[in-house]
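The following note sets out points on the metal sites, the ligand and the surrounding strands. Please read it beside the model shown here.

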Amino acid sequence: MTRIDLHCHSTASDGTLTPAELVRAGAEAGLDVMAITDHDTTGGWEAAAAARPEGLTLVRGAELSCRWHGAEPPIALHMLAYLFDPAEPRLAGDLARLRTDREQRAEKIVNRLAADGVPITWDEVRGYAAGGSVGRPHIAQALIRAGLVRTTTEAFHSQWLGARYFVPKADLDVFEAVRAVRAAGGVTVFAHPRATVRGRVVPDRLIVELAEAGLFGLEADHEDHTPEERAHVRALAERLGLVVTGSSDFHGTHKTVRLGAFLTAPSAYEKIVSAATGVPVLG
Ligand code: AMP
Ligand code: ZN
Ligand code: FE
Ligand code: FE
């Protein structure tokens with residue numbers, strides 16, 4: 001059986017394994033194909049490629065922070081992007097803006113916490129991000145260190161990063177994201193599109209419009225989807241002619257899910273590879 005996991009995070013964003021450790025862990029977990037998909041960055045690509053074990057095929061990608069402005073307030077969503085040219089100026093510019101905003105936003109959150117007497121600093125949080133794309137899990141790490149919560153999940157409760165100390169990010173318009181990735185020769189897959197546990201989800205009519213704009217696939221098998229939500233996503237993908245993926249969304253110790261916990265069918269993977277022209281798969 002070919003084991004394909006197309007959604008994994010490293011320390012280039014909010015995962016806890018370095019890109020090199022991530023690809024080695026992928027091989028140890030028995031994966032044949034794995035994608036590195038850090039939030040809003042390709043910063044882990046080079047190290048992952050250099051450390052890629054024999055027998056593991058590496059798909060280079062990213063997970064883009066997006067927003068749909070068709071609801072009030074707008075709905076945040078994540079778009080996986082695979083095999084795009086990282087030097088393509090429009091997309092590279094979009095990603096750079098997202099990362100700068102992540103820093104400003106994280107600093108704002110830390111300042112609000114500090115103003116309420118929480119003993120954490122921006123320097124500490126920036127240290128956890130270690131030059132990678134900063135996210136709330138890095139602030140969660142500081143809250144754990146300060147003894148205020150025990151787990152990342154607890155740090156996302158409403159009295160902390162989930163609501164009381166929530167500051168929105170300046171995400172990409174989702175249509176801009178789909179078009180920019182296409183222009184860079186890449187392929188987009190809508191990550192966990194029905195994950196109601198994460199908050200509001202977009203209506204199917206948006207997914208219909210995104211398919212018309214060039215969206216390539218939908219992630220159905222994900223730990224944040226119930227069996228009903230997975231079935232719904234599958235049916236919608238079939239109706240719209242989109243590929244279906246399944247992936248772990250591995251984050252190391254920032255989450256409990258294991259590499260390979262959810263997998264993508266070889267036929268879907270092959271369609272993604274055939275459609276992409278930005279960079280080749282490695283392996
Ligand atoms: P951010 O990108 O800074 O808004 O932070 C969101 C990131 O935190 C995503 O990568 C999620 O995987 C992770 N995350 C979101 N909610 C939770 C949660 N309840 N527990 C643990 N991690 C979470
Ligand atoms: Zn993450
Ligand atoms: Fe996501
Ligand atoms: Fe993710």
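1. Donors of a metal are N, O and S atoms within 2.8 Å of it (3.2 Å for Na, K and Ca), and because water is not among the atoms, sites may look incomplete. The zinc ion (ligand 2) and the iron ion (ligand 3) are 5.9 Å apart, while 4.6 Å separate the iron ion (ligand 4) from the zinc ion (ligand 2).

2. The model is predicted: local features need pLDDT of at least 70 and side-chain atom pairs pLDDT 80 or more, whereas totals for chains, interfaces and linings use all residues. Residues are numbered from 1 along each chain as its sequence is written, chains are lettered from A and ligands numbered from 1 in the order in which they are written, and side-chain values use heavy atoms, with hydrogens and water left out.

3. The zinc ion (ligand 2) is coordinated at 2.0 to 2.5 Å by D14 (OD), D14 (OD), H39 (NE2) and H251 (NE2). The spacing of these donor residues in sequence is D-x24-H-x211-H. D14 lies in the loop between β1 (4–8) and α1 (19–28) and H39 in strand β2 (residues 33–39), so the pair ties together parts that are 25 residues apart in sequence. Helices (H or I, at least four residues) and strands (E, at least two) are DSSP runs, numbered from the N terminus. Both D14 and H39 are buried, a term that means under 20% relative accessible area, with exposed meaning over 50% and partly exposed in between (1.4 Å probe, protein chains only).

4. H9 counts as buried at 0% relative accessibility, and E63 is buried with a relative accessible area of 1%.

5. E63 in strand β3 and H78 in strand β4 (residues 75–82) are 15 residues apart and link distant parts of the chain. Both E63 and H78 are buried.

6. Which residues come nearest to ligand 1? Of the 13 residues around ligand 1, these are D14, H39, R102, R105 and R136; a residue is near if one of its heavy atoms lies within 4 Å. A backbone N or O atom of R136 lies 2.8 Å from an oxygen atom of ligand 1, and an N or O atom in the side chain of R102 is 3.1 Å from an oxygen atom of ligand 1.

7. Twelve of the twelve residues of β3 are buried, so this strand is largely enclosed by the rest of the structure. β2 and β3 pair in the parallel sense over seven bridges, pairing being called if DSSP finds at least two bridges between two strands. V33 stands opposite T57 in β3.

Terms used
A polar contact is a pair of N or O atoms within 3.5 Å; within protein, one must be able to donate a hydrogen and the other to accept it, and residues adjacent in sequence count only if both atoms are side-chain atoms.
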